[in-house]
Amino acid sequence: QVQLVESGGGLVQAGGSLRLSCAASAPTFLDNAMGWFRQAPGKEREFVAAISWGTTNYADSVKGRFAVSRDNAKRTVDLQMNSLKPEDTAVYYCAASSSSSLIPPKYWGQGTQVTVSS
């Protein structure tokens, strides 16, 4: 059973930064796409960022502010979030797929809360 465990969420003021990290329990799928989704209260879960074979993709709402990276040796995928806005407040989920495309994800983490105060 593959497990994804997120860390690094918390409370930050608008304009601040946070770094999320996701640790994977198994190395075999690290050749496949991994990334992040988020879900704000009352809203559907939405795509944030993905990385696959060094190629990254971002939602328009976070382009230029967020950066996704991975370290296969450490089995981690990180999300550096800068210039945070109150609308970035959400539960952030790490995700992994079984192919080079993150969508649809096959595995999910438990989520970590990010709250941005104005």
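Guide: Gladly. Let us start with a cut-off: a residue is called buried when its relative accessible area is under 20%, and exposed when that area is over 50%. Please keep in mind that this is a predicted model.

Visitor: Why is Cys 22 called buried?

Guide: Buried means under 20% relative accessible area, and Cys 22 has 0% relative accessibility, so Cys 22 counts as buried. You will find Cys 22 in strand E3. Leaving aside neighbours within four places in sequence, Cys 22 is in contact with several residues, including Leu 4, Glu 6, Trp 36, Val 77 and Cys 94. Asp 78 is another of these contacts; Cys 22 and Asp 78 are 56 residues apart in sequence, and their C-alpha atoms are 6.1 Å apart in space.

Visitor: What makes Arg 45 partly exposed?

Guide: Arg 45 has a relative accessible area of 34%, so Arg 45 is partly exposed. Arg 45 sits in the loop between E4 and E5. Beyond the neighbours within four places in sequence, Arg 45 is in contact with Phe 37, Arg 38, Gln 39, Tyr 93 and Trp 108.

Visitor: Is Trp 36 buried or exposed, and how do you know?

Guide: Trp 36 has a relative accessible area of 0%, and the limit for buried is under 20%, so Trp 36 is buried. Trp 36 lies in strand E4, and its bridge partner in E5 is Ala 49. From Trp 36 to Tyr 58 it is 22 residues in sequence and 9.5 Å in space, C-alpha to C-alpha.

Visitor: How do you know that strands E4 and E5 pair?

Guide: Two strands pair if there are at least two bridges between them. Strand E4 (residues 34–39) is joined to E5 by 5 bridges, so the pair meets that condition, and the two strands run antiparallel. E4 and E5 form a hairpin with 6 residues between the strands, and Gly 42 there takes a positive phi near 75°.

Visitor: What makes E5 and E6 a pair?

Guide: The same test applies: at least two bridges are needed, and 4 bridges join E5 to strand E6 (residues 55–58), so they pair, again antiparallel.

Visitor: Why is strand E5 described as largely enclosed?

Guide: In strand E5 (residues 46–52), 5 of the 7 residues are buried, so the strand is largely enclosed by the rest of the structure.

Visitor: Which residues touch the most other members of the largest nonpolar core?

Guide: That core has 26 residues, and the ones touching the most other members are Trp 36, Val 48, Phe 66, Leu 79, Met 81 and Tyr 92. Strands E3, E4, E5, E7, E8, E9 and E11 each give two or more residues to this core. Another core, of 5 residues, lies apart from it; Ala 33, Ala 50, Ala 95 and Leu 102 are among its members.

Visitor: What makes the link between Arg 70 and Asn 72 a polar contact?

Guide: The limit is a pair of N or O atoms within 3.5 Å. The side chains of Arg 70 and Asn 72 make their polar contact at 3.2 Å, so the distance falls within that limit. Arg 70 is placed in strand E7 (residues 66–71), and its side chain also reaches the backbone oxygen of Ile 51 at 3.2 Å.

Visitor: Last one: why is the protein chain called as compact as a globular protein of its length?

Guide: First, the chain has 0 helices and 11 strands. Its radius of gyration is 13 Å, close to the 13 Å that the globule rule gives for 118 residues, so the chain is as compact as a globular protein of that length. Buried residues make up 43% of the 118 residues. The chain exposes about 6,100 Å², with carbon and sulfur atoms supplying 48% of it.

How values were computed:
Residues are numbered from 1 along each chain as its sequence is written. This is a predicted model: local features need pLDDT of at least 70, side-chain atom pairs count only at pLDDT 80 or more; totals for chains, interfaces and linings use all residues. Side-chain values use heavy atoms; hydrogens and water are left out. A polar contact is a pair of N or O atoms within 3.5 Å; within protein, one must be able to donate a hydrogen and the other to accept it, and residues adjacent in sequence count only if both atoms are side-chain atoms. Buried means under 20% relative accessible area, exposed over 50%, partly exposed in between (1.4 Å probe, protein chains only). A nonpolar core is a set of buried Ala, Val, Leu, Ile, Met, Phe, Trp, Tyr and Cys residues joined through side-chain atoms within 4.5 Å. The radius of gyration is taken over C-alpha atoms; the globule rule is 2.2 Å times the number of residues to the power 0.38. Accessible areas come from the Shrake-Rupley method with a 1.4 Å probe; for residues, only the protein chains shown count as cover. Contact means heavy atoms within 4.5 Å.
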